[in-house]
Structure formats: C-alpha cells, structure tokens
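User: Hey, I'm new to this one. Can you walk me through what's in it?

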Amino acid sequence: MQLTFQIEYHTQWGEAVGLQFGNLTDAPLMFHTDDGRLWQVTTQMTLPDDGAPLLYRYGIWRDGQCVRREECTLPHSLTADALQGESAVQLDHWFDARRVAGVAIPVFSLRSEGSYGVGDFGDLRAMVQWAASVGMSAVQILPINDTTIEHTWRDSYPYNAISIYAFHPQYIDLRQLPALRDEVAAARFEQRRLELNALPQIDYVAMIQAKMAYLQALFEQEGEATMQSPDYQAFARRSQQWLLPYAMFSVLRDRYDTADFNRWPECSVYQAELVEALSHEADYAPQVRFYSYLQFILHQQLLRVSNYARAEGVILKGDIPIGISRTSVEAWVEPYYFNMQGSTGAPPDAFSVNGQNWGFPTYNWDYMLQDGLQWWLRRFRHMATYFSAYRIDHILGFFRIWEIPVTSVHGLLGQFSPALPMSAAEIESYGLPFQEEFMTQPFINDELLELRFGPLRRYVGAEAEGESPAYDGKDPVQYVRDTFLQHLHDDIWTMRDYFDTQQSIQLFFSGKVKPRNTEMRDALYTLISDVLFVRDHRDPTLYHPRIAAQQDYVYTRLQPWEQQAFDRLYEHYYWHRHNHFWYEQAMRRLPRLVESTQMIVCGEDLGMVPECVPWVMEQLHILSLEVQRMPKSPAEQFGHPDRYPVLSVCTTGSHDTETLRQWWTLDPVATQHYWHDLLQCEGDAPAEATPQVCERIVTDHLASPSLLCILPLQDWLAIDGQLRHPDVDAERINIPANPRHYWRYRMHLTIEQLARATHFGQHLSELIAHCGR
C-alpha cells in the first residue's frame, strides 16, 4: 500500500528528518518539508504477514550522519489492522525519553486462576494489563527459551537453553487453544490443573508431564489442520533456519534419552540433508511436526502479548543470556562458533566466594567476527519481533569472558579471555622471583592438611548404626594422604595423577551426599586451586595471577616483601592492564548489535567491572544496571539512587539476590548503616523491613534520575502489609552460589487478586506519578 508518514519537528539549519525500520544501520527514509515544520514522505509499504508490527524510529540527519535519534523509548509501530485501503497517512509525534516505572517477574512465576501450575503467556498479558493499570510502563521477564535437557527439575534453570530461538512449551496458555473433544480426558486434565495450580511452588516435572500430555492430545486433534493454515506456512518459511533443526534435536533427545548429541548413535554430527530426509520418515515425522506445532502456538501467543503491550505503551523487556548449553541445537548445528574446551563463569563476587562456573562453552569470537556477527544479529532480530527492550545478561562477556577449564568445578582457576598474560620475566619485573613449580602447582604441606581436614575428625566414631565407618575408620588427614596424595619430600605432598583436577574429585564423591563426604570433597577442591598463577590456556609459557589468590594458603607462604610485589602485580593486572585492550574488543562486537534492532538496550554490568565498561556503555547509549546494595564504586557500601546516571535501570534487587525483606535481616550491622546513613533515621533499625521502610526505599528508587525503575514484584508487594508474602524466605528466585538450584518460585497471589486490590493499585499509581514517572 501507499503510506505517507508525517511528523512535526523544528529542525536547525542544515538538518533533515528521516526514519529507519528495523536495523538502525540501514539507510534512512528521508523526509521533505515545505514550511520547515511539517515533515513528510510517501512510500510503498508491505507490512509483515504474521501480525508482527512494523517498527520504526525517527532521527535527525546532517551531512549524511545521524546526529540525534529517538532513544530509550518504545519505537513507533504499525499493524495491518490499523491501516485500511490502498493508501493511508500516518501522523506521528517525536518520542522523547521519559522516566518510567516497571515490574520484574519471571513468566514461570506468574499465577492466575486458570494457569496450569506455572505462569504462561496468557498470564503475561494479564500482568502487562495490571502494570498499565497502576501507571507502570515496563514489564521485565527472564529468558523464556526451551531448556528441556534431562526431563527433570534441573530443566527449570532458564539460562541453560537448548535453543536461542525456540520458546519453552511450558509457557503455552491452554485457555487460548481449542478444547479437547474427549470429555473424559478433558476432565482428567482439568483436575490435574487444579491440583498443580494450588501448589505454593512449581512442581516442574509433574507440571511439564501433564502439560505436554495435554498438548500431544490436542495436536492429534488439531495439529494437521493448523499446520495446513496460511499462518503456519508463513511462520515455517520465516523460521526455516532454526525450526527443523530444533524439532529434530528434540525428537532425537527424546528417542535416545539424552540431549548430549555426542552420544547419539545417529546424527551426532549435524548434516542438514540427513536431518531433512529423516524428518519425513515415519519414525520421526509425527514428533517433528508436534514440536514445530508447539513453536507456532508459542509464537502466536507471545506476539499477541507483544502487540498488546505496545498498544498499551508498555515496554516488554526480554533477557538475552550470555551463554548457550553445551547440549543445545546451536552447539550441534554450528559448533564452529564455540570453544568447547572452555567453560564460562564469573570470578568471585558477592554471590559466590569461589566464583561461578556456568558450564557454557565460550564463544569463538574470531570466527564470529569473520562472518560479520551473523549469529548474534539473527538472535537479536528474532528477539525484536517480541520485545521492545532487552537485558544483555553479563554484558562484561562482550569485553572479556571468565573462561574456566572444563576439568574445574569452581571458578577460581579461570582466566579472562581474551587477555594479556604475563611472561616469567614480566612477573619478575615487579620484584617477585618467579618459582614455576611452587607458584603454578598446588602447594600442599602437613600444616595445610591439618587446617583443611583436621576439623573433619568430628565425624570419626559418630556413624549411625548400620553406616560404614567414616573415612574407612582412619584419621581424615591420614585418609586424604593415603587416598588422594603422593609424597614428594619432607612434609610436601602433591595430588595423585588421577585426582589432580576438581572434576576427578567430583566424580569420586558422586552420590556421596553425607556432610562428612561433601565437606571433604570441598576441602579437596581448595587443595587443587591453591596456586598463585594459572597457565594461559593458549600458551603455557605465559601466566595469569590466580583470582583471589591472597585468600589462599599458598599466599601466606610468601615473605612480606613478596606479598607486596604480588599485590602490585595483581592490582595492575586486574584493574589497569586491560582497559584499552578490552575497550577495543567490545567496540568490535557491540556497536553493530546495538544498532541492529529498534529495541532499548540494557546491560547487566555487575561484578568485577573494568574501567572501560562505562566508556563503551555511555558511548553506545546502553543502559547500565544500578543495584543499591551492589554499588559501582568500591568506596561506597551502598549506592545512592539520587546519583544514578540517567541512562540506567535502577532496581532494589534481581532474580539472583535476596528480596528487599530478606536482605534487611541478612546482616544487622549493614542494615543499621543503611538505616542511619541512607534513610537518615535515628535509633535502631527495625528487626524486619516494615511496609513503611519498604515504601521509603521504593520511593527513593522511583525518584532517581534513572530512565527505567524496574523493581521485583516481591518488593512492590512489600510496601503493603496485607498483600506481602507471609513467608519472607519463600520469595527467593535463585541462589547463584548453588549451581543446582531449583527455579520454582511462584507469586502467592493470583493476578486476579492483584487486580482486585484496588487500594494497592491506586497507591502505586500515586507513588509513581508523584515521582514523575
């Protein structure tokens, strides 16, 4: 159709108005004006055929360069339903960035009267509706990709996806689908739904088994007709790059009872022609079509939520995880994009003193840059179909990633990649004599063994009736010597060859869950990480100072002057050496990705943040994340919301932290400082965070300069004494230090109950408006 865009804008001399669709690096559609006020352009437009809106932003150009653009707002959008006839005129207004309030809640945590034991996309629409009704303009969720690997509760972890495109079937809203014609089966499924939805937390296995059984029955009833529809055919064409590989991967995972494609007797190495042929064979075709059908339903339902949110002026904010699973479609189909010998994680921080090992392979950035970052561009553009903003999980990974050997369990033996390792000569230039064996091999002596394993003597002789004696009846220190160590000389020991990695220790203790065993296992892990330097993964003649080495025993064996030399080296290496190097890495990767869509870009920039990170984020207008109890300045105990940058998202916490009420009781000394220094209150802090205290903290965040103030739903509810959860410890979503955490939190109220709490909604509206959001 012929479409005329019009906008009123007073430009300066030499400037012109233009707009850009989709990719912000594409050439703009330039406007003209007759009066210097009303700008317009007429063009032929073809709107998307899947109901997705046409998204665009306005900008101002001078001498062929964009000098300013609508940023940090929802983009303009058009849908086919809004345009009728052969021609139309679209009159727009320039969108200026405005401060908004929002709510953060995982989709799985939503609860409605009609959901099936887990939140779904229907519930997400209801949450958007509630947020808009109380004056909020943003809803933030966690990743929603399919994580089905083991068919156990471990699949509840939303950051370990098997596909960067496919959504998790658990999010299908069954209420939007045709009813089952088998009335007996329908009644049985409804009874199961009521049971699961009444649970205080998600029973992941029971929920997904019941829901998938329902969807299988519905597919047998409706699937063929649906897949013959023009809408499905259009979806399949647009999704052909990923849909069949995902569906076949899912079928093979189910058939061979493992997502580890290396163990499949067929198709362990991806071959497109073979996968295409197998997908038509009778043994595979029905389930391939089933998984494809589910993705079409998920696409339709999420797109409806997305279109509704845009119509209501609500920013739907998604989450892009930094990693992919080792047993994922992408690792199977495109292994050349990844380094399978490394494992991603994070150095020690407030979440975990041993660092974090996420287990994901690291990226082969050299290869990705060679093909123009196509893998990332496809991923971001797919997200843009549904979301108006996104959070880059661990944006520090675009500067450098914490790469851990696959033989490690903890993160302490990792190193940044890419990085600038040190030679022995450079180490010595700091005044530290380099002793290769002493500094790069675990230092183990009798004193250390007594320190680590002496406390385990309390288990000797304490066995319950029928149990085998602890440590084979030996003293625990002697048991460690006999079982895991080899004597070198004097009181010096080394790990036996077959116990010289944390992974081998983990395997030895597999299934041994009694405290006497887990404590010994963890102590053995510390022996292996007790080094001052780790060898570079690529050049073993170069070295990296081991992160947090000052906290370990080997550091105490240095002379005071050696410790001072090590500290100088350490400080320079981790905080100064790489700033310009990592800046260059990020600027090779991020600019094209940021400009590839219309979405607002937010970065999770917490943890060990190099000085160059804010340089890049400010330059690219990426919103930072500000968490008050995790200040960016090491000189501060708490952040000050009134000093936050405008280009930021401020929040009281995240899915990885305690809720506001939990945090209040965690450290009474810190709470007292907060009460006195931040809240400016006299006397003793209350033992619990009262609704009044929580409201004061929420108001301080709403009043901040941050463009987005997005708070966890639990912390919004904390300001109301009637609506807050009666059990403060039941609201925690994740514990990062526990890699086997069960993600099962659900809100204790239904969204319908929340909507009926009109007094609360009115109070929120007044708070948000009073703070200028």
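This is a predicted model: local features need pLDDT of at least 70, side-chain atom pairs count only at pLDDT 80 or more; totals for chains, interfaces and linings use all residues.

User: Okay. How many helices and strands does the protein chain have?

Analyst: There are 26 helices and 28 strands in the protein chain. They are DSSP runs numbered from the N terminus, with helices being H or I over at least four residues and strands being E over at least two.

User: And what's the radius of gyration of the protein chain?

Analyst: The protein chain has 28 Å, which agrees with the value near 28 Å for a compact globule of 773 residues. That radius is taken over C-alpha atoms, and the globule rule is 2.2 Å times the number of residues to the power 0.38. The C-alpha atoms fill a box of roughly 90 × 70 × 60 Å along the principal axes.

User: What share of the residues counts as buried?

Analyst: 56% of the 773 residues. Buried means under 20% relative accessible area, exposed is over 50%, and partly exposed is in between, using a 1.4 Å probe and protein chains only. The accessible surface of the protein chain comes to about 32,300 Å², and 50% of it belongs to carbon and sulfur atoms. Those areas come from the Shrake-Rupley method with a 1.4 Å probe, and for residues only the protein chains shown count as cover.

User: What about contacts along the chain?

Analyst: Among contacts with a separation of 6 or more, 73% are between residues 24 or more positions apart. Contact here means heavy atoms within 4.5 Å.

User: Switching topic: how many cavities of 30 Å³ or more are there?

Analyst: The structure holds nine. On a 1 Å grid over the protein atoms alone, a cavity is a set of points where a 1.4 Å probe fits but cannot get out, while a pocket is an open set with protein on both sides within 12 Å along at least five of seven lines; lining residues have an atom within 4 Å of a point. Grid points are joined across faces, edges and corners, and a volume is the space filled by probe spheres set on the points.

User: Which residues are closest to the centre of the largest cavity?

Analyst: Ala-104, Gln-140, Gly-653, Ser-654 and His-655, out of 25 lining residues. The largest cavity has a volume of about 260 Å³. Its lining gets the most from β28, with three residues. By class that lining has 13 nonpolar, eight polar and four charged residues. Nonpolar covers Ala, Val, Leu, Ile, Met, Phe, Trp, Tyr, Cys and Pro, charged covers Asp, Glu, Lys and Arg, and the others, Gly among them, are polar.

User: And the second largest cavity?

Analyst: That one has a volume of about 70 Å³. It is lined by 13 residues, and the closest to its centre are Ser-654, Thr-657, Thr-659, Pro-712 and Gln-714. Its lining has two nonpolar, six polar and five charged residues.

User: How much space lies in the second largest pocket?

Analyst: About 1,200 Å³. It has 41 lining residues, with Gly-607, Val-609, Met-630, Pro-631 and Lys-632 the closest to its centre. α20 supplies the largest share of the lining, four residues. By class there are 25 nonpolar, five polar and eleven charged residues.

User: Where do His-621 and Gln-680 sit?

Analyst: His-621 is in the loop between α20 and β26, and Gln-680 is in the loop between α22 (668-678) and α23 (691-702). Phi of His-621 is near 60°, a positive value in a residue other than glycine, and phi of Gln-680 is near 60° too.

User: Is His-621 buried or partly exposed?

Analyst: His-621 counts as partly exposed because its relative accessibility is 35%. Gln-680 is exposed, at 59%.

Technical notes
Residues are numbered from 1 along each chain as its sequence is written. Side-chain values use heavy atoms; hydrogens and water are left out.
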